[in-house]
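Hi everyone, thanks for coming. Today I'd like to walk you through one protein model, taking it piece by piece.

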Amino acid sequence: MKKILPFFSYVFHPIFIPAMATLFYLFLNGTAFVTQEKLLVFFQVIIVTLFIPVLAFLLLRAIGNVDSIMLSKVSQRKIPLLLHCFLIILLVRNNITIDRYPELHFFLLGGLLSSLLALILLFGNIKASLHMIGMSSLTVFTIGLSMHLQIQSTFTIAMLILLNGIVASSRLEMNAHTNKELIIGFMLGAIPQLLLLVLWL
């Protein structure tokens, strides 16, 4: 089990969470959009939240600013989080708009708020688990989406709740975080999503 747990830290790395949330959104809203629109939305999210950050990471690693995709040191997290916030703002202003994709729009806004709070905490030398921010926000979003669309997603929600625990265990096993950092991350991810639910649920 100790050899398997680190695998979950990579598969559920926070960089993949926006793409996962978009897939849930498009899948559960199956009849609302044509296939071409689904592909357009998905690729816009992928480019802005995955491809550009990966290129930025490679650049930061090349100049010695970061040493690992896990960003273990507090000092290494500031630039990636700032870039993430900037990219999310671009995405919600120009592509994932409130009038066309309200649920996904508010999910990304919740992610923006979580990232800003995590960034602010870094200046107090407090490191929140970005993995738990991602997992808890995805879980709350999926629960809200299921309620909003009145779709039975019991298995998916149960799996996500289980995965929150597995990913937390993975981060502990890798000595990446303390229990306190995992709890802070979970709260930073879940609370903004819960607060924004009232605007679209």
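Predicted model: local features only at pLDDT ≥ 70, side-chain atom pairs only at ≥ 80, totals over all residues.

Let's start with charged pairs. Side chains of opposite charge can pair when their charged atoms come close. How many salt bridges does the count come to here? The answer is one.

That salt bridge joins E37 and R100, and their closest N and O atoms are 2.7 Å apart. Where do the two partners sit? E37 belongs to helix α3, which covers residues 35–62, while R100 is in the loop between α4 (74–94) and α5 (102–122), so the bridge ties together parts that are 63 residues apart in sequence.

Now, is E37 buried or exposed? E37 is buried, because its relative accessible area is 17%, and the cut-off for buried is under 20%. R100, at 39% relative accessibility, counts as partly exposed.

Next, let's go to the nonpolar cores. The largest one has 45 residues. Which of them have the most contacts inside this core? They are Y25, I96, L104, L108 and F141. Eight helices each supply at least two residues of this core: α1 (5–11), α2 (17–28), α3, α4, α5, α6 (130–149), α7 (154–173) and α8 (179–197).

Let's pick out I96 from that group. Leaving aside residues up to four places away in sequence, I96 touches V41, Q44, V45, L91, Y101, L104, H105 and L108. There is also a second, separate core of ten residues, and L122, A128, L130 and I133 are among them.

On to empty space. Rolling a probe the size of a water molecule over the atoms shows where empty space is left. In this model, the count comes to one cavity of 30 Å³ or more, and the volume of the largest cavity is about 600 Å³. Its lining has 32 residues, and those closest to the centre are P14, I15, L81, H84 and L130. The elements giving two or more residues to that lining are α2, α3, α4, α5 and α6. Sorted by class, the lining has 20 nonpolar, ten polar and two charged residues.

One last stop: F123, in the loop between α5 and α6. F123 is exposed, with a relative accessible area of 62%. From F123 to E181 is 58 residues in sequence, and their C-alpha atoms are 15 Å apart in space.

How values were computed
Residues numbered from 1 in each chain as written. Heavy atoms only, no water. Salt bridge = Lys/Arg side-chain N within 4 Å of Asp/Glu carboxyl O. Helix = DSSP H or I, 4+ residues; strand = E, 2+ residues; numbered from the N terminus. Buried < 20%, exposed > 50% of the residue type's maximum accessible area, 1.4 Å probe, protein only. Core = buried A, V, L, I, M, F, W, Y, C linked by side-chain atoms within 4.5 Å. Contact = heavy atoms within 4.5 Å. 1 Å grid on protein atoms, 1.4 Å probe; cavity = no way out; pocket = protein on both sides within 12 Å on 5 of 7 lines; lining within 4 Å. Points joined across faces, edges and corners; volume = space filled by probe spheres on them. Nonpolar A, V, L, I, M, F, W, Y, C, P; charged D, E, K, R; others polar.
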